[in-house]
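Work through these exercises with the model open. Try each task before you read its solution.

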Amino acid sequence: MRRIGDHAVVLGAGMAGLLAARVLSDGYGRVTILERDPLPGTAGDRRGVPQGRHAHLLVPRGTEILDELFPGLLDELAAGGVPVVRDLAEVRFAPVGRPLNLRGRPAGPFICQASRPYLEGCVRTRVRAEPTVSIVDRCEVVGLGTDPAGDRVTGVRVVRAGVDAEEFVDADLVIDATGRGSRTPNWLAAIGYDRPPEEKLTIQLKYATRHLRRRPGALGGAKVIGIGAEPGRPTGLVMFAQEDDRWILTAFGYDGHHPPIDPEGFVAFIEAIAPPDVFAVVRDAEPLDGIVGHRFPANVRRRYDRLRRFPAGLLVIGDAACSTNPAYALGMSVAAVQAAVLREALAGGDRGLDRRFLRAAAKPAGVAWQLAVGGDLALPSVPGPRPLPGRVLNAYVARVQAAAEHDPVIAERLLRVVSLQDPPTRMFRPSTAVPVLLRSLRRPLAAPVDVGAVNTPGTGPCA
């Protein structure tokens, strides 16, 4: 990539910020990451990422991009004890209570199961090793600076820990990767621009997590268990192996159906969701820590791509632009896809970079939004508008999921869509739509099967 500018500043040292910084290092003489929190030396929880203690998965498309940006990192993670899924027979996944038939389907590229703090720590170490990148923690950004005409962002105003006075950090480009709590809408208003239009779906989700050590050989070799919410049961869980020979168990529920954080209530909540063999593993496992909870009130999407006026020298990436229900495990992978989009946008140079990136980045965000909001609105307990096109789409998706219980080819195609490897339009191609519709004519849509009845060890990945 040709040189674009002297100095780029990234706000936020989470996954979106780290990936953006890695891409920027190819086009700018210096890249500075500014982070409000004190950063741990390697892996560790931090205040600005409270959701980091809960289940995170890097789905295959995110894994692909991570390996492109940091060659060899995924092999290092696997060699260091991070479990990976290379065969979909190791995945037991039941969206809306319908177990996908994934027997014998390859997982390549694999699913990375590192905990969020561990993965972020490893990526941060790689980024720190870039000779042109520096990370400054305990540094809060309080506003943007612009040129006299207000047409271009020229840097940020910051306050460092222990220093009372503001200082100004010059930049040719500023990228906001501060996550869901981004203040860019307010900063734009302060320099004379409109706030972005905002789309929002309130879901009042709460999730609760603890780590376990299970007995060896349990679950017949499965490494990932996922049971989604369904109409009539707006609850679910995910459980999978992580580094240090431990498993993470996260249970979630929508408004009025939240998981308790006391041990007895938590186990009872799991029992109402999990198949018998999965519950037996949870019941008999050794708890490694206490139960922690977290609330996620709403899906939020800020449409920077729809603003008529936007200053040059400023971009927004990751959850700062689009934050979706974490139960769908899309956040880190969308940030990775947008980092790849940033790399493509930078190839066109500085002129028009903001428009070029914001419009292109809106596409993967839109896919995540469609998957998460469409899934949430399939639950009657989630309030929100359900126009006719959306109802028709959800009816078709329900038939795809019903077919995927029995057809491993359709199951794999569905999983590739929800893993961001293929666009949702893939599910409407004749090779998928025809067998789905023919099957629905032969077998009218029935209620989801009892996942406990079919999900016994040795019968394949059907949870």
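**Exercise 1. A helix pair**

Which residues in α10 meet Ile410, Ala411 and Leu414 in α11? Find them, then describe how the two helices pack.

Solution. Keep in mind that this is a predicted model.
- Step 1: On the α10 side, the contacts come from Val400, Gln401, Ala403 and Ala404.
- Step 2: Locate the helices. Helix α10 covers residues 388–404, and helix α11 covers residues 408–418.
- Step 3: Read the geometry. The axes are 7 Å apart, at an angle of about 130°.

**Exercise 2. A residue in a strand**

Is Asp176 buried or exposed?

Solution. 
- Step 1: Asp176 is part of strand β10, residues 173–176.
- Step 2: Check the accessibility. Buried means under 20% relative accessible area. Asp176 has 0%, so this residue is buried.
- Step 3: List the contacts, leaving out residues up to four places away in sequence. Asp176 touches Leu11, Ser182, Thr184, Leu315, Val316, Ile317 and Ala320.
- Step 4: Compare sequence with space. Val9 and Asp176 are 167 residues apart in the chain, yet their C-alpha atoms are 8.7 Å apart.

**Exercise 3. Salt bridges across the sequence**

How many salt bridges does a search of the whole structure find?

Solution. 
- Step 1: The search gives 26 salt bridges.
- Step 2: Take Glu68. Its partner is Arg343, with the closest N and O atoms 3.1 Å apart. Glu68 sits in helix α2 (residues 60–69) and Arg343 in helix α8 (residues 331–346), so the bridge ties together parts 275 residues apart in sequence.
- Step 3: Check the surroundings of this pair. Glu68 is partly exposed at 41% relative accessibility. Arg343 is partly exposed too, at 28%.
- Step 4: Take Glu76. Its side chain meets that of Arg126 in a salt bridge, 2.9 Å from N to O. Glu76 belongs to helix α3 (residues 73–79) and Arg126 to helix α4 (residues 116–128), so this pair ties together parts 50 residues apart in sequence.
- Step 5: Check accessibility again. Glu76 is partly exposed at 46%, and Arg126 is partly exposed at 21%.
- Step 6: Look for a network. Salt bridges link Glu199, Arg303, Asp305 and Arg306.

**Exercise 4. Positive phi**

Where is Leu219 found?

Solution. 
- Step 1: Recall the rule. Most residues other than glycine have a negative phi.
- Step 2: Leu219 lies in the loop between β11 (198–213) and β12 (224–227). Its phi is positive, near 70°. The residue is buried, with a relative accessible area of 7%.
- Step 3: Arg138 also has a positive phi, of about 50°. Arg138 is placed in the loop between β6 (133–136) and β7 (139–146).

**Exercise 5. A surface patch**

Which residues form a nonpolar patch on the surface?

Solution. 
- Step 1: The patch consists of Val434, Leu438 and Leu441, with about 300 Å² of accessible area together.
- Step 2: Val434 is in helix α12, residues 430–442.
- Step 3: Val434 has a relative accessible area of 42%, so this residue counts as partly exposed.

Key
Residues numbered from 1 in each chain as written. Predicted model: local features only at pLDDT ≥ 70, side-chain atom pairs only at ≥ 80, totals over all residues. Heavy atoms only, no water. Patch = residues over 30% accessible without salt bridge, like charges linked within 9 Å, V, L, I, M, F, W, Y side chains within 5 Å. Areas by Shrake-Rupley, 256 points an atom, 1.4 Å probe, with all protein chains shown as cover. Salt bridge = Lys/Arg side-chain N within 4 Å of Asp/Glu carboxyl O. Helix = DSSP H or I, 4+ residues; strand = E, 2+ residues; numbered from the N terminus. Buried < 20%, exposed > 50% of the residue type's maximum accessible area, 1.4 Å probe, protein only. Axes fitted to C-alpha atoms, helices over the stretch in contact; angles between N-to-C directions. Contact = heavy atoms within 4.5 Å.
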